[in-house]
Amino acid sequence: MASLELNDIQGNILRGYGFPHAAYLFLRADDQAGGRAFLAETVGDVTDAGHWEERPATTTNLALTCAGLRALGAGDPVLAALPDAFCEPIRERAPRVLDDTGESAPEKWDEGIGTDASHILVMINGSEGNEQPFADAVAGAIDRARRHGLTLIHRQDAHALDNRREHFGWADGFGQPAIEGGIDRSGPGQGIPQDDGITWRDLKPGEFVLGYPDEDGQTVSGPAAWLLRNGTFMVYRKLRQDVVLFRRQLYEEAARYGRTTGLDATLDGDQLYELMAAKVVGRWRDGLAIELADRRSEDESRKLGDHAQDDPDNDFRYHDDDGPGFRCPKGAHIRRTNPRDALGWGGRMVTRHRIIRRGMPYGEYLEGLQDDGHDRGLIFICFNADFERQFEVIQAQWCNDGNAFHLGDDKDYLLGDNRGTGKATIQGDPPHFARAQPLIVLTRGCEYLFVPGLSALRQLAAA
C-alpha cells in the first residue's frame with residue numbers, strides 16, 4: 001500500500017471538511033515579488049492532510065492557475081511540462097470541450113472568473129459555531145493580499161444547507177472514491193468492483209495525488225516533477241440552479257410518468273414526485289440509492305427533502321443486477337457520472353475516470369414554486385490528476401453525450417449541455433422524458449487550477 005506524505009498534501013484533497021462556511025478569494029499578483037511574499041506568509045496557515053487532534057475553527061488552502069504560476073515566475077521548462085488542458089485559457093477551452101455555450105458561455109460568467117487576471121485562489125472554510133474566526137480569517141487573507149500588492153478580483157461566499165442539502169433538494173456528497181493510503185474510511189461501493197461480484201478495491205493514489213503510482217503504475221517525472229509531487233489539479237465551476245423550473249418540470253413529468261405506468265392510481269402527487277426525483281438522479285432525495293430500494297415505505301415515500309441518510313449504503317452495481325435500467329435508469333445522473341460496472345469489463349472502463357468531489361451551495365434555500373429572483377446554486381469543486389481523462393470525460397462524454405450508455409445524443413438531465421437532442425432520457429425503456437428540456441443548470445464561471453503540496457508552495461515562494 002502506498003504511504004502518502006500527508007503533512008505535505010493539502011487537506012481539502014483527501015479530507016472532506018464538512019464545514020458549513022466557505023469563501024473563495026481569487027487574487028491577481030501584478031508583482032512577482034509581492035506574489036511570492038504572499039505565498040511565503042500564507043503557506044504556514046495552509047491546512048494539510050495530517051491527523052487532526054481536534055477540528056480546527058478554520059482551514060486555509062491555496063490553488064494556482066497556469067497564469068498564476070507564470071506570474072510567480074515558474075520557469076519556461078516547468079510551464080512547458082504542464083498539461084495543455086491546464087495551460088489553455090479556460091474561456092477558450094470551456095466552449096469547445098465542456099460545451100459551455102449559449103446561456104453558459106464565458107460571456108455570461110461572473111466578472112474576474114476564467115481570465116488571465118485570476119492567479120491565486122485562497123479557499124477558507126469555517127467550522128460550526130466559529131462564524132467570527134471564519135470572518136476574521138477571510139478578512140485577514142484579504143488584508144494580507146493587499147499588503148503584498150495583490151488585487152482581489154472575485155470573491156464567492158458559500159454555505160451549507162440543512163441536512164447536507166443542495167438546492168434541488170438532495171442530500172449530497174455520498175459516493176466518494178476510496179483511495180489507497182487515504183485518510184477517510186473506505187467502504188464497499190467506493191472503489192473498483194472486483195470480478196468476484198462482491199469485493200471492491202481502493203483506487204491507486206496517483207489517480208488523485210501526483211507523485212504516486214496511478215492505475216497504470218505511472219508517476220510524474222521531468223522538469224515539473226518537483227512542483228507536481230503531492231499536488232493535484234482542481235476544477236472550480238460556479239453552477240447556477242433554476243430551482244423553480246426544476247421543481248415545476250419534475251412535478252409535470254412525475255404526473256405524466258404516473259399516468260403512463262398506471263402508478264397514479266396507487267401513488268399520490270408527492271409520492272410520484274419523490275419517485276421521479278429518484279429516477280432522475282439515481283438516489284432518493286435522502287441519499288438512498290434507488291438501485292437498492294426501487295420503492296419506499298408509506299412512511300418514507302413523501303417529503304424526503306427533510307431527511308438525510310447518515311451513512312447510505314453504496315454497495316451496488318448496475319451491469320449484472322440492472323443492465324436495462326428498470327430500477328436505476330441508464331440516464332440517471334449518478335449512473336452517468338459514475339457508471340461503476342455499467343459499461344462492462346467488470347468496471348475497468350470506469351477505473352481511470354474517477355474524481356474527488358468537493359464544493360458547497362451558495363445562496364439561500366428556496367421553499368415552494370414561486371421564484372424570488374435570487375441567485376443560488378453550487379460551487380462545484382473536484383480534484384483529479386488529469387483533466388482530460390477524468391473530469392472532461394465525465395462532463396463532455398458522459399453528461400453531454402449519451403453514446404456511452406446507448407442513449408444517442410441525449411444529455412444528463414442535471415448537467416448536460418443544450419446541444420444534441422435537447423432531451424434527457426432517464427429510463428432504460430419507456431417512459432422517458434420525450435420532449436426537449438430547458439436547461440436548469442447554467443455555468444457562471446470556471447477555472448482550472450493546480451493545488452501544490454506544501455513543499456512546492458515554499459519553493460515557489462522562495463524561487
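This is a predicted model: local features need pLDDT of at least 70, side-chain atom pairs count only at pLDDT 80 or more; totals for chains, interfaces and linings use all residues.
I begin with helix α13, residues 391–399. Eight of its nine residues are buried, so the rest of the structure largely encloses this helix. The buried set consists of F391, E392, V393, I394, Q395, A396, W398 and C399. As for what surrounds them, these residues pack against both helices and strands: the helices are α5 (84–87), α6 (90–98) and α12 (333–337), and the strands are β7 (232–241), β9 (377–384) and β10 (441–451).

I turn now to helix packing. Two packed helices are described by the angle between their axes and the distance between the axes. For helix α9, residues 243–261, and helix α10, residues 269–281, the angle is about 105° and the axes are 8 Å apart. An angle of 65 to 115 degrees counts as roughly perpendicular, and α9 is therefore roughly perpendicular to α10. On the α9 side, the contact is formed by F246, R247, L250, Y251, E253, A254, Y257 and G258. On the α10 side, the residues are G269, D270, L272, Y273, L275, M276, A277, K279 and V280. By class, this contact comprises 11 nonpolar, two polar and four charged residues.

The crossing of α2 past α14 is left-handed. Here R36, L39 and A40 of α2 meet L457, L460 and A461 of α14. Five residues of this contact are nonpolar, none is polar and one is charged.

Finally, I come to the aromatic residues.

Another pair is F233 with F450, whose ring centres are 5.3 Å apart and whose planes meet at 55°, so the pair is tilted. Because F233 lies in strand β7 and F450 in strand β10, this pair ties together parts 217 residues apart in sequence. Both F233 and F450 are buried. These two residues also belong to a cluster linked by ring pairs, whose members are F86, F233, F380, F387, F391, Y448 and F450. The cluster includes F391, which is among the buried residues of α13, the helix with which I began.

Methods. Residues are numbered from 1 along each chain as its sequence is written. Side-chain values use heavy atoms; hydrogens and water are left out. Buried means under 20% relative accessible area, exposed over 50%, partly exposed in between (1.4 Å probe, protein chains only). Helices (H or I, at least four residues) and strands (E, at least two) are DSSP runs, numbered from the N terminus. Contact means heavy atoms within 4.5 Å. Axes are lines fitted to C-alpha atoms, for helices over the stretch in contact, and angles run from 0 to 180 degrees between N-to-C directions. Angles under 35 degrees count as roughly parallel, over 145 as roughly antiparallel, 65 to 115 as roughly perpendicular and the rest as oblique. Ala, Val, Leu, Ile, Met, Phe, Trp, Tyr, Cys and Pro count as nonpolar, Asp, Glu, Lys and Arg as charged, and the others, Gly among them, as polar. A crossing is left-handed if the near helix is turned anticlockwise from the far one by less than a right angle, and right-handed if clockwise. Rings of Phe, Tyr and Trp (its six-membered ring) pair if their centres lie within 6.5 Å; planes under 30 degrees apart count as stacked, over 60 as edge-to-face and the rest as tilted.
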